[in-house]
Amino acid sequence: MSTALNSERSAILKQNRASRSERLLRAVRTPGGAVFVLLTGLLATIIVLNPSFGEPGSFIRFVGRTAPIAIAAIGQYFVIVAGEFDLSMGSVVTMQVIVAGNLIRQDDSKVIPVLVLMLVLGAFIGLVNGLITTLLKVPSFIVTLGMMLALLGLVLYWTGGAAQGNPADSFRQIGRGGIQDVPVLDIIPYPVIILTAAAVAGFVLMRRPYGRMLIAVGDNPSAAALAGSRVWWVRTRAFMMSSLSATVAGILLVGYAGVHPSVGRGYEFTAITAVVLGGVVLGGGRGWVLSAAAGAFALESLFTLLNFMGLQATWRDTVQGAIIIIAVAAASRSWQRKRKGASSAAHDEQHQMAAAPTPAEGTEQGGRV
Amino acid sequence: MRNNSVRAIALAAALPLVALTGCTTEPSVTQTTGTGTGSAAASSPASKDWFDQSLYDTQNQQRSATFEGNPEQPYLQYIAGPMRDTSKFKAPGAHKVCFANASISNPWRQTGWITMNQQLKALQGTGVISEMETRDAKDNDNTQIADIDYFIAEGKCDAFVISPNSTAALTQAVERACETGKPVVVFDRGVETDCATTFIHPIGGFAWGIDTATFLSERLQSGDKVVALRILPGVDVLEHRWAAAKKIFEEKGIQAKDYFTGADPTKIKNIISDELATGDVKGVWMDAGDGAVAALEAFEDAGKKLPVMTGEDEMSFLTKWKQTGIDAMAPVYSNFQWRTPLLALEKVFKGEPIPAEWVLPQKPILKDELDQWLQRNQGMPSGHYAKFGGEDLAGYPEVWQKRQIP
């Protein structure tokens, strides 16, 4: 890039005036962009191994089944970019699945009230997580770990650890059904529509003042507080969005898979891995929301690829783990280099502050520039 | 530019790993159909260790054995063999029983636990048992060892009932219980000692594997693909089922590909979807019925022909079997065995001899019996097991229908 340039200001100018293709190329070189390359590579490998996967009908189904984890990753992104963790996500999914199974049963008239109840419950859990973390100053790692255990215990107490049966089919349609008889695609699963809505909402939100604030809080909470933002409320809302996204994932999973106490197990770690794979920095302040969703797709593609390769059941997890570590290591290495200022001067936000007092166009989306 | 090269190197480092795994596994996938040995992904070395030829042969014979006792009361039937003299335990009056339970964390154990409690009430009514103190180990070996030692230290137990969490770990604790001189009844999973007064169990995992794999291989051709959905590795009861099935699939040239699912329906559905995308799946084999419905739904959602399938006698599977009309069978790991320990203690306190190893019947449900078993269990919830064997107990059927876990 522009290491030869001597003036910081001209570096920014050059970057901002770059052509569309150059900017795209630059975006792909960030960890948040590289995940899209990784995803494309994985999908291409799958299609080479098994061409029928690339047919529109089966591909859209793949997108549909990945929707719950992608939505969970989007929710986890808000918390991580604000510098916190949400480990209670998996338990929230499990709890909501059990709530749906036990309260709706086969009664169609209960679908709407229970749906509302689940969303309220989700928001409430996020509120509790957020308030304890921000007002009582307990590290979110501990708060949400405690919440995870508390909710798991509640589920165990309620069910004895086994499923009670699936809820009414009308409720399950949300996660299992779709718009039928669509040309080319054959079916557009409802989860795909819900995921699209969530992704668009996340994208827009991160471009609005709240999104900027969230990244500022994650990058440097003291500075954000001095600048007048209510850090506790910004973060608490991030926790609420995380729990709500887990709730939505739970609703989709009840439809897709059915009620079982094992649904949602390990979801928090899959979501965190997806977010990190998407180039979002643990500790906050850097990363793009759609890269987190792409991270979820990359993970799911990896699992599918391993299925297609016919890997032995006994050491499948080991291979998964190794690949994830390598991918994340590759991503974090390039962030570290940037932080040290080894590359382009225009990437260094401190210089931007000094050089351009008014926010310059093209420097948006936090560290994604 | 330098950060690019770092990433490129790291990703390049990942590629051989992917390529390597592809190379090491794929030849074994393609090779299977011809030779009929060394099946697909199924060649996990662990299951070789679990295979025990003599146990396989014994259970294979026991599948067609005649059982002593009244077939109307299968929970009291047994295969003739060495009997244990219990005259030294003979004592009048009501006795306190202490039950160290592994867990009630799956629908099979829950159903059994409900039945056991109704049996307990019956025996309390006849004045055989005064009370049963139960400690639930929540699937944890250490907890269960502590539970048994607690019972021993408390010293108020007139008899022990133990459903071990795992075989090797619990052996010494069971031996300590035996040393108290009180009757000890072990049931479901075994331990590596025969100090117990009796060990109650259905025929076993190998019989399950033989029944199911024979059923599938009779209906499928050599080279057809079967997906084997397994709950988790390392539990003897489950590993024996797979060890026997795997041997038969290999002999018949069936391509069986096994997966661990943790009974998670999401995983099951993803696995089946992926397998359907790579080619036809003709059969589904399960080491337990939990999640069978999700497996069938994956076929429905993909619009594929439903497979030949073996599940379990769980109501969710039986109902789905009836609805879809698939070619299936339901192997049974007799749930009524949860009644037997308390009934065995009744005999012990009377001083009647009981079998040293009490092998209960284990008869699968075949197509011609499906309607009958659905009829008998009408109104039961989806996690209920058809062969729960508690129809003659008080509280039938409401207690099982409401599935109130004591």
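Modeller: Let's begin with B:P397, which sits in the loop between α13 (367–376) and α14 (398–402) of chain B. Helices here are DSSP runs of H or I with at least four residues, strands are runs of E with at least two, and both are numbered from the N terminus. This is a predicted model, where local features need pLDDT of at least 70, side-chain atom pairs count only at pLDDT 80 or more, and totals for chains, interfaces and linings use all residues. Residues are numbered from 1 along each chain as its sequence is written, chains are lettered from A and ligands numbered from 1 in the order in which they are written, and side-chain values use heavy atoms, with hydrogens and water left out.

Colleague: Is the peptide bond from B:Y396 to B:P397 cis or trans?

Modeller: Cis, with omega near 0 degrees. B:P397 is partly exposed, at a relative accessible area of 22%; buried means under 20%, exposed over 50%, and partly exposed in between (1.4 Å probe, protein chains only).

Colleague: Which residues other than glycine have a positive phi?

Modeller: Among them are A:K137, with phi near 60 degrees, and B:D188, with phi near 70 degrees. Most residues other than glycine have a negative phi.

Colleague: Where is A:K137, and is it buried or exposed?

Modeller: A:K137 lies in the loop between α6 (111–135) and α7 (140–159) of chain A, and is exposed with a relative accessible area of 67%. B:D188, by contrast, is buried at 5%, in the loop between β5 (184–187) and β6 (198–202) of chain B.

Colleague: New topic: at what angle do α2 and α3 of chain A pack?

Modeller: About 90 degrees, with the axes of α2 (residues 20–29) and α3 (residues 31–49) 4 Å apart. Axes are lines fitted to C-alpha atoms, for helices over the stretch in contact, and angles run from 0 to 180 degrees between N-to-C directions.

Colleague: Which residues meet there?

Modeller: A:A27, A:V28 and A:R29 from α2(A) meet A:P31, A:G33, A:A34 and A:V37 from α3(A). Contact means heavy atoms within 4.5 Å.

Colleague: What about confidence in chain A?

Modeller: The average pLDDT (the predictor's confidence in each residue, from 0 to 100) is 84 for chain A, and 84% of the residues score at least 70. Over residues 342–357 of chain A, though, pLDDT is below 50. Where pLDDT is low, the predicted coordinates should not be read in detail.
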